[in-house]
Amino acid sequence: MQRNYDTFGISAEIEPAKISPKTDGVEITWSDSHKSYYPWAWFYEALTASRSNHPMAQNEKKLWGASIAENPPEVPFDSVVEGKGLNGLADLTDKIRAYGLCFVTNTPATPEASEKLLETIGPIRNTHYGGFYDFIPDLALADTAYTNLALAAHTDTTYFTEPAGLQAFHLLSHTPPPNQRPEEALGGQSLLVDGFHAASLLKQESPEDYETLRRVKVPWHASGNQDVAIAPDRAYPVIEGDLALHRIRWNNDDRGVIPLDVDVDAWYKAARKWNEILTRKDSEYWFQLTPGRMLIFDNWRVLHGRSAFEGLRRICGGYSK
């Protein structure tokens, strides 16, 4: 599907000689007598693509808060992996595009099925932690994600030039510690926050703070593991995007020192307001991961975290895009 015609060998004087609308498109006869046919669907795709960086495109995003718990987006595993055609995959990716997340129900609670699901969407992205992951708490990995500690809402891989796009979690098992009954609460609730919704609230309530987090470029880093030191090609702001929101980059644990050539007090004031919005009860969507219900979300938009837990959790998943 690559262009195989010399664009600049075409005369600049060619123009439409006849335009003939049809039921499913339009035929154009050009002044050099050649004909082109454009389906109406092509016009729709071309027009919506040109609006992707326009504020109107934000209307395609469905912003949400805690109330999404009443009806979270989901699709069945079979429709994506084993269904005929691509309708199930289209349903999954459409919901991720609209909400920034989607659950895949009835996913077999195995790493093999989970990996197959991710590969149906696209290639699994390799990082310094590997590709597809299947882990239990392990402090040797030198990252709080691999502990049983509580984690505040954050985005992953802030220290990459291009952070991971999609991320997936599938809880395979959660066993209690010795001498504790299985029915007792083990903790480990998962947390999601819509970063685009939080940014829109920040812009409404404190435009000055919004502009500070959009304008000030912050250094990010990862250096906990031996022989690993990662930083992006340059500093990036917490909120990326000019006319429309593009990406949220937020992990206070991986943040470097705010540059001294900016108003540092103003940045911390804005960051405090940002953190206050992120931690509001009506911003936080809390739920319990369970075997068979895999979560896939947009790491450029949705922040994730968890409460502390007891026992041994086995989780698999990976990054994509």
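**Figure 1. Contacts of Pro108.** Pro108 touches Phe77, Ala113, Ser114 and His170, leaving aside residues up to four places away in sequence. The model shown here, and in every view below, is predicted. Pro108 sits in the loop that links strand S5 (101-105) to helix H4 (111-121). Phe77 is 31 residues away from Pro108 along the chain, yet their C-alpha atoms are separated by 8.3 Å. Is Pro108 buried, partly exposed or exposed? Its relative accessible area is 35%, so Pro108 counts as partly exposed; the class runs between the 20% limit for buried and the 50% limit for exposed.

**Figure 2. An open sheet of four strands.** The strand order is S8-S15-S10-S13, and the pairing is antiparallel. Strand S8 (151-154) and strand S13 (284-287) stand at the edges. Each has a single partner strand, so one side of each lacks a neighbour in the sheet. From one strand to the next, the twist averages 20°.

**Figure 3. Pairing of S8 with S15.** Strand S15 covers residues 302-306 and pairs with S8 over two bridges, in the antiparallel sense. Which residue of S15 is the bridge partner of His154? The partner is His304.

**Figure 4. Helix H5 across the sheet strands.** Helix H5 (residues 195-205) lies across strand S10 (190-194) and S15. The helix runs at about 50° to S10.

Figure 5. The unreviewed UniProt entry places the feature "domain: Gamma-butyrobetaine hydroxylase-like N-terminal" at residues 3-44. In the model, this span is 12% helix and 40% strand. The C-alpha atoms at the ends of residues 3-44 lie 21 Å apart.

**Figure 6. The chain as context for the close-ups.** The protein chain holds seven helices and 16 strands. Its C-alpha trace spans about 85 × 55 × 40 Å along the principal axes. Of the 321 residues, 44% are buried. The protein chain exposes about 17700 Å², with carbon and sulfur atoms supplying 53% of that area. Among contacts between residues at least 6 apart in sequence, 74% join residues at least 24 apart.

Notes. Residues are numbered from 1 along each chain as its sequence is written. This is a predicted model: local features need pLDDT of at least 70, side-chain atom pairs count only at pLDDT 80 or more; totals for chains, interfaces and linings use all residues. Side-chain values use heavy atoms; hydrogens and water are left out. Two strands pair if DSSP finds at least two bridges between them. Axes are lines fitted to C-alpha atoms, for helices over the stretch in contact, and angles run from 0 to 180 degrees between N-to-C directions. Contact means heavy atoms within 4.5 Å. UniProt positions are given in the numbering used here, feature names are shortened, and annotations may be inferred rather than shown by experiment. Buried means under 20% relative accessible area, exposed over 50%, partly exposed in between (1.4 Å probe, protein chains only). Accessible areas come from the Shrake-Rupley method with a 1.4 Å probe; for residues, only the protein chains shown count as cover.
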